[in-house]
Amino acid sequence: MTELPSPQARRLRPPSWRDPRLLVGVLLVLGSVVLGSRVVAAADDTVAVWAAVGPLVAGDPVTPERLTAVDVRLGEASSAYLPAADPPPDGAVLLRPVGDGELLPRAALGSADAIQRRAVGIPVAGALPDGVVKGALVDVWVSPPDPERAGEFGEPELLAAAAEVAGVATGGSGFAASGSTTVQVLLAEAELRAALRSLAADAEIALVLVPGSTPR
């Protein structure tokens, strides 16, 4: 019986650096490292910007005690907001309302003479409607006194729609007399004139909360 030649054992040679499989493996490892580095860098790509502490209204001074620094990822949009690395500009006021926790945009800042509305104190008889707080919006209704019947008033007329509340002073504080409530409302010039005439004529003024406008 003829014996078959036994196969010779092949020696395992270490892979050469020219081996394509080795090169592909190295490239995969390097790609994973680069991708992981970019993911980590993107996760840490945050900037600190100023945000409002509580609701702020037009005309409020922009001071550090009204702001808090928050870290956010805004990308290229970060230049549109006020960086917390710098103090707020001296003398700056808000030109529009900024809600509690809202980031402070540069476009919302300006000088006091740029404000187009002024605050007027409106006394409120009886209980203040729920939700009428700083930053809320109210419709201002005026009922003129009846010239022929003392103590009577005419049909109510809308003086201002969605006027912003700048502050509320209860009896004994701020502009409110003892036992009363005065609501500071921001009005445009024509509305302000009408409100002052109504107050001088002892007209009856009512504030109606705009639904859903109370700051949270």
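1. Let's start with Ser198, which is found in helix α2. Keep in mind that we are looking at a predicted model. Ser198 has a relative accessibility of 12%, so it counts as buried, the cut-off being under 20%. Leaving out residues up to four places away in sequence, Ser198 touches Val142, Leu159, Ala203 and Ile205.

2. Leu159, one of those contacts of Ser198, has its place in strand β7. Leu159 counts as buried too, because its relative accessibility is 17% and the limit is under 20%. Setting aside neighbours within four places in sequence, Leu159 is in contact with Val140, Trp141, Val142, Leu187, Glu191, Ala194, Ala195 and Ser198.

3. Now for Leu187. Leu159 and Leu187 are 28 residues apart along the chain, and their C-alpha atoms are separated by 9.7 Å. Beyond residues up to four places away in sequence, Leu187 touches Gln116, Arg117, Arg118, Val120, Leu159, Ala160, Ala163, Leu192 and Ala195.

4. On to the cores. The largest nonpolar core has 19 residues, and Val140, Val185 and Leu187 have the most contacts inside it. At least two residues of this core come from each of β5 (118-124), β6 (137-143), β7 (157-169), β8 (181-187), α2 (189-200) and β9 (204-209). The biggest giver is β7, with 4 residues. Another core, of 13 residues, lies apart from this one; Ala52, Leu67, Ala84 and Val98 are among its residues.

5. What about the sheet? It is an open one, made of 5 strands in the order β5-β8-β7-β6-β9, with antiparallel pairing. The edges are taken by β5 and β9; each has a single partner strand, so one side of each is left without a neighbour in the sheet. From one strand to the next, the twist averages 45°.

6. For Gly167, the bridge partner in β8 is Gln184. Helix α2 packs on the sheet and touches β5, β6, β7, β8 and β9. The direction of α2 makes about 30° with that of β5.

Technical notes:
Residues numbered from 1 in each chain as written. Predicted model: local features only at pLDDT ≥ 70, side-chain atom pairs only at ≥ 80, totals over all residues. Heavy atoms only, no water. Core = buried A, V, L, I, M, F, W, Y, C linked by side-chain atoms within 4.5 Å. Buried < 20%, exposed > 50% of the residue type's maximum accessible area, 1.4 Å probe, protein only. Contact = heavy atoms within 4.5 Å. Pairing = 2+ DSSP bridges. Axes fitted to C-alpha atoms, helices over the stretch in contact; angles between N-to-C directions.
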